[in-house]
Amino acid sequence: MNSGRLLPGPAQSLCRRFPLVVGFAGLAAVQAIAAPEPPAAAAILQDLRSFRELGSVLYIAAHPDDENTQLIAYLSRGRHYRTAYLSLTRGDGGQNVLGPELGEELGVIRTQELLAARRVDGGRQFFSRAIDFGYSKSPEETLAIWDREQVLADVVRVIRTFRPDVIVTRFPIPPGSGGHGHHTASAILAVEAFKRSGDPGGFPDQIREGLAPWQPKRVLWNSFNFGGGPPALTGPMVKIDIGGNDPVTGEPFGTIANRSRGMHKTQGLGGFSGRTGEGPRPESFVLLAGDPATTDIMDGIDASWARVPDGVEIGRLADEVIAQFNLETPAASVPALLALRRHLAALSADPVVDGKRRQLDHIVQACLGLVVRTLVSDAEVVPGETLHLRHTALVRADVVPVRWLGLRYPGTAREVGGALDL
Ligand SMILES: [Zn+2]
């Protein structure tokens with residue numbers, strides 16, 4: 001896509017005979033599939049507000065369904081932070097209330113349930129290699145079975161990749177431990193990873209791969225009372241209210257949380273309605289490591305574009321686009337978004353900035369109503385066979401000209417040229 005002179009018009013389609021010269025990696029890169037409808041205007045505005053924010057929170061626990069979906073919805077949709085859940089396991093050791101799948105097959109299903117939950121609450125999803133081997137009496141037993149150092153390396157890798165400002169755990173590290181060993185182990189590994197992810201000498205193989213050290217500000221336990229008793233841990237505490245409504249759609253965070261949690265269908269949580277939709281919902285956070293916070297979990301963290309070298313102007317331009325965004329005509333924002341894109345292109349390479357570039361491209365695409373689709377004629381092929389691909393591009397808005405520049409197949413490093421006005 002570019003902003004050159006182009007003619008808006010009807011859908012164009014291209015058909016290419018594409019010899020399959022590598023195996024299934026190449027196939028996977030191009031075998032895409034029914035393209036969705038463009039996002040609604042409210043979803044685009046939500047994405048714009050997320051683009052403007054640079055704060056980030058990583059939630060860490062042990063299993064699918066451990067996560068506090070209202071906190072994730074509040075942080076992602078209410079405060080527009082990059083928010084993610086790292087589930088150390090895929091829940092493969094649990095029971096299945098829906099069907100006969102157990103073990104690895106159940107882990108595959110629960111992976112999809114977690115991904116579906118994040119599509120509802122707006123978070124991202126990470127996993128580690130830790131296996132859910134069923135109930136464990138102690139974190140020591142858990143960490144011996146998991147291979148502590150390898151799972152710790154996975155947690156450090158997620159922190160260095162996602163770059164959270166704050167880590168939140170679902171579980172504490174009480175003296176003598178208690179409860180499910182996986183739960184306590186997830187908190188132990190979160191704190192240890194916090195201490196090692198910023199150290200260039202920690203897991204140097206990751207540094208050699210190109211990951212940079214990253215030091216979050218603090219680790220907080222998202223406190224709750226076990227069985228209504230006293231909290232398992234005391235210490236510096238900060239409280240925030242995670243109640244309220246999505247500022248764009250008006251939906252209460254509690255309702256979004258219910259829908260997200262309802263994705264854990266193999267755990268019998270379909271139709272979950274355990275949280276109150278409206279009203280305040282105070283949550284407490286106890287410091288486990290790092291700098292204390294007194295008024296907010298993000299105390300002392302600059303969540304604006306000012307934290308990025310030469311980023312102040314990006315924040316200002318994003319504010320302007322948001323102020324002028326018209327829900328009736330999202331395409332009217334495209335010229336301003338393309339100007340923002342040019343400023344963004346001038347910033348130095350950085351994993352978070354690179355992610356923002358991709359996010360902005362998606363926003364521009366959504367505003368244009370640009371839908372690109374690839375269809376394959378055969379569902380199954382083998383290396384050496386010819387695979388027929390049919391590419392279709394549709395632009396719904398006609399505010400700026402759009403040109404098809406070519407096709408790039410990442411799996412084969414192959415490009416097919418041929419500019420075409422859309
Ligand atoms: Zn659990």
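**Close-up views of helix packing in a predicted model**

**View 1. Helices α11 and α12 cross one another.** In this predicted model, the axes of helix α11 (residues 334-345) and helix α12 (residues 351-368) come within 10 Å and cross at roughly 165°. Because angles over 145 degrees count as roughly antiparallel, that crossing makes α11 roughly antiparallel to α12. The crossing of these two helices is left-handed.

**View 2. Here are the residues where α11 meets α12.** From α11 come V334, L337, L338, L340, R341 and L344, and they meet K356, R357, L360, I363, V364, C367 and L368 of α12.

**View 3. Helix α10 packs with α11.** Helix α10 (residues 312-324) and α11 lie with their axes 10 Å apart, at an angle of about 170°. That angle makes α10 roughly antiparallel to α11. On the α10 side, look for E313, I314, L317, A318, E320 and V321; they meet A336, L337, A339, L340, H343 and L344 in α11. This contact divides into 9 nonpolar residues, 1 polar and 2 charged.

**View 4. Helix α3 is largely enclosed by the rest of the structure.** How many of the residues of helix α3 (residues 69-78) are buried? The count is 10 of the 10, and so the helix is largely enclosed. Just after α3, do have a look at H80, which takes a positive phi of about 65°.

Key: Residues are numbered from 1 along each chain as its sequence is written. This is a predicted model: local features need pLDDT of at least 70, side-chain atom pairs count only at pLDDT 80 or more; totals for chains, interfaces and linings use all residues. Axes are lines fitted to C-alpha atoms, for helices over the stretch in contact, and angles run from 0 to 180 degrees between N-to-C directions. Helices (H or I, at least four residues) and strands (E, at least two) are DSSP runs, numbered from the N terminus. Angles under 35 degrees count as roughly parallel, over 145 as roughly antiparallel, 65 to 115 as roughly perpendicular and the rest as oblique. A crossing is left-handed if the near helix is turned anticlockwise from the far one by less than a right angle, and right-handed if clockwise. Two residues are in contact if their C-beta atoms, placed from the backbone, lie within 7 Å. Ala, Val, Leu, Ile, Met, Phe, Trp, Tyr, Cys and Pro count as nonpolar, Asp, Glu, Lys and Arg as charged, and the others, Gly among them, as polar. A residue is buried if 20 or more other C-beta atoms lie within 10 Å of its own, exposed if 12 or fewer, and partly exposed in between; C-beta atoms are placed from the backbone.
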